Amino acid sequence: MPERKIFHLDLDAFFCSAEELRRPELAGIPFAVGGRPDSRGVVASCSYAARQLGIHSAMPMAQAVRLCPKLVRVSGDYAYYQSLSHQVMDVLRNWSGRIEPISIDEAFLDLTDLSEPSLSLAEKLQKQIKTETGLPCSIGVASNKLVAKMATDVGKSRHKGITTPAAITIVPFGTEREFLAPLKVKMLWGVGPKTAAVLEEMGILTIGQLTQVDERRLAQRFGKMGSDLARRARGEDDRPVEESHTVKSISQETTFARDEADGQVLEKVIRELSTQVGHSLRKEGICACTIRLKLRWADFTTITRQTTHSQPVDQDQIIAETAITLLHQAWKPGTLVRLVGVGAANLTDNIRQLELWDTEADKERRLLQAVDALKEKFGNQTIQRGFDKPDVKSNIPSK
């Protein structure tokens, strides 16, 4: 069997690069795509010139403006970004029948069948993406998805300056472990901040150090995820590259018998719809990066608002809190609402970050799985998950 050539492609500062296509005067200056600083908006993406000033994704826009008073803010245009993303994915599909989009600006493709050297293929692919879409990208190549993804991350992390990285990083077959060893353990794909903090408390600062730890010790500390953690540290990953989903989005909506203007009623309905969406996601074994809220006013005007999370989600509470936040941003108290809907899009495999087994997130996930099982056996109305009072605040986009 030939050595696999797995490519990971990541569009550099995608939202910002997309905006520069429409507004070339933005090139080379500090600017950010995101919400308004006076309405608790956050930075969804920022130019590399802005990053040089300490600005980064998920930062409150008000803080970004304080760091750079001359920062140019651009409102996001998700439909435009999605259109460009489709163009990029179409280019990739012309290269290989085995392509796996993992977000709006990232994808894997398997080019094992091509005999040309990986570096040459990466250069040609990068050039074609730039020529046909105008977008810069970075590429990582390795024998598996895990290392290819991390190769891209490493290549981009080494970049300095105000231009996009356009990095190409090749990890030859057989050198995966050597490549990963000096990297900080928090860079290991799938390791979240809490797991990284515990590993550091254990004296494990690099991925190489992690490979030296007895798996039984990892199992004692991390439960059944300990062996997965050890396997990733060794750079082992036999997952195939495959089209992730035929499902593009999942949504639920309700039309009121009478137009509704009570905020508490709207929030209650949003929680119920979020529960249904979360259940559907978990049933499909997928997560969503983007949560959408649909509102239709009494005059039949319909609006859609959405937020993209930094990590894929499938939990009812997170979906509900996100949608309720969007409600408070879009709806003025007293305004009559005819229809409300909650949707999940930008779907991806349910590969959650490795975290401690006893985290609240894991407890919540186990509870939801138990509730889902009861619903599957006895019907949707058998049991309902209770919600904590939502914390209405801005959610953090990733790009």
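Me: Which arginine lies over the face of Tyr48?
Reply: The model is predicted; local features need pLDDT of at least 70, side-chain atom pairs count only at pLDDT 80 or more, and totals for chains, interfaces and linings use all residues. Residues are numbered from 1 along each chain as its sequence is written, and side-chain values use heavy atoms, without hydrogens and water. A charge sits over a ring if NZ of Lys or CZ of Arg is within 6 Å of the ring centre and within 35 degrees of the ring normal. At 4.2 Å from the ring centre of Tyr48, the residue is Arg51.

Me: How far is Arg22 from the ring centre of Tyr80?
Reply: Arg22 lies over the face of Tyr80. The distance to the ring centre is 3.8 Å.

Me: Are the planes of Tyr80 and Tyr81 stacked, edge-to-face or tilted?
Reply: Rings of Phe, Tyr and Trp (its six-membered ring) pair if their centres lie within 6.5 Å; planes under 30 degrees apart are stacked, over 60 edge-to-face, and the rest tilted. The centres of Tyr80 and Tyr81 are 5.8 Å apart. Their planes stand at 50 degrees, so the pair is tilted.

Me: Is Tyr80 buried or exposed?
Reply: Buried means under 20% relative accessible area, exposed over 50%, and partly exposed in between (1.4 Å probe, protein chains only). Tyr80 has 18% relative accessibility, so it counts as buried.

Me: Which residues form one aromatic cluster with Tyr80 and Tyr81?
Reply: The whole structure holds 5 aromatic pairs. The cluster with Tyr80 and Tyr81 also takes in Phe14 and Phe15.
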